[in-house]
Amino acid sequence: MKVLIQNQVSIDQVRGKIAEHFPNYTISMRNSKIIVVKKSGTAAALVMVRNGKITINEGFPSMGGQLLFTFCILLLGFLIPLIVYYAAFFPAQKAVRNEIGAFVQAAFV
C-alpha cells in the first residue's frame, strides 16, 4: 500500500505516531529505512518512508522468519510453501498492513 504525502516527514516522525497510536504493537527498526510493526507471532507490517510517499507492506517480523521461508521455498519448491504462506500467514499480515495503512493515510495525508 502506497500513501502519497504532501509534506516531507522523517522516519522517526512516522515511528513516533505509530507507537503513540498502537501501544500494544511491537515497533522496531529493521535498518535505518524500514520500521517493523509487529502485532503477533508472524503478523507484521513493514513501513518505509521514501520521497513523497510512505509504503506499507506485509511481511515477516524478523529476518530469521524471512530466511526460514526463503529456505523452505528453495528446498520444497515454489508451490507447497506458497500455498502454506497464503493459507496460514498472509491473512494476518494483510490485516496488520491494512490497519497500519489506514492510520498512516489518516495521519499524514
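Which residue in β3 does S28 stand opposite? It is V36, and that pairing is a handy way into the fold described here. The model is a predicted one, where local features need pLDDT of at least 70, side-chain atom pairs count only at pLDDT 80 or more, and totals for chains, interfaces and linings use all residues. Residues are numbered from 1 along each chain as its sequence is written, and side-chain values use heavy atoms, with hydrogens and water left out.

Helices (H or I, at least four residues) and strands (E, at least two) are DSSP runs, numbered from the N terminus. Five strands form an open sheet, in the order β1-β5-β4-β3-β2, and the pairing is antiparallel. Two strands are taken to pair if DSSP finds at least two bridges between them. β1 and β2 sit at the edges with a single partner strand each, so one side of each has no neighbour in the sheet. From one strand to the next, the twist averages 25 degrees. As a general point, the strands of a sheet pair through backbone hydrogen bonds, either parallel or antiparallel.

Back to the strand from the opening. β2, covering residues 26–31, pairs with β3 in the antiparallel sense over five bridges. Besides S28 and V36, I27 has V37 as its bridge partner in β3, and T26 stands opposite K38. β3 itself is mostly covered, as four of its five residues are buried. Buried means under 20% relative accessible area and exposed means over 50%, with partly exposed in between (1.4 Å probe, protein chains only).

Helices lie over this sheet. α1 lies across β2, β3, β4 and β5, and runs at about 160 degrees to β2. α3 lies across β1, β3, β4 and β5, running at about 160 degrees to β5. For these angles, axes are lines fitted to C-alpha atoms, for helices over the stretch in contact, and angles run from 0 to 180 degrees between N-to-C directions. α3 is not straight throughout: a kink of about 50 degrees lies at F89, shortly before the proline P91. The bend at a residue is the angle between axes fitted to the seven residues ending there and the seven starting there.

What do the buried residues of α3 pack against? They pack against β1 (2–4), α1, β3, β4, β5 and α2 (63–76). Among those buried residues are P81, Y85, F90, I100 and V104. The largest nonpolar core has 21 residues, and those with the most contacts inside it are I18, V47, I54, I100 and V104. A nonpolar core is a set of buried Ala, Val, Leu, Ile, Met, Phe, Trp, Tyr and Cys residues joined through side-chain atoms within 4.5 Å. Two or more core residues come from each of α1 (11–21), β3 (34–38), β4 (44–50), β5 (53–59) and α3 (79–108), and α3 gives the largest share, five residues. In soluble globular proteins, nonpolar side chains tend to be buried together.

Leaving aside neighbours within four places in sequence, I100 is in contact (heavy atoms within 4.5 Å) with I18, F22, Y25, V37, A45, V47 and I56.

R97 is also part of α3, and this residue counts as buried because its relative accessible area is 16%. The R97 side chain makes a polar contact with the side chain of E58, at 2.7 Å. A polar contact is a pair of N or O atoms within 3.5 Å; within protein, one must be able to donate a hydrogen and the other to accept it, and residues adjacent in sequence count only if both atoms are side-chain atoms. Not counting residues up to four places away in sequence, R97 touches M1, A45, I56, N57 and E58.

T55, in β5, is buried at 9% relative accessibility, and its contacts beyond four places in sequence are M1, K2, L46, V47 and M48. L4, in β1, is exposed at 61%.
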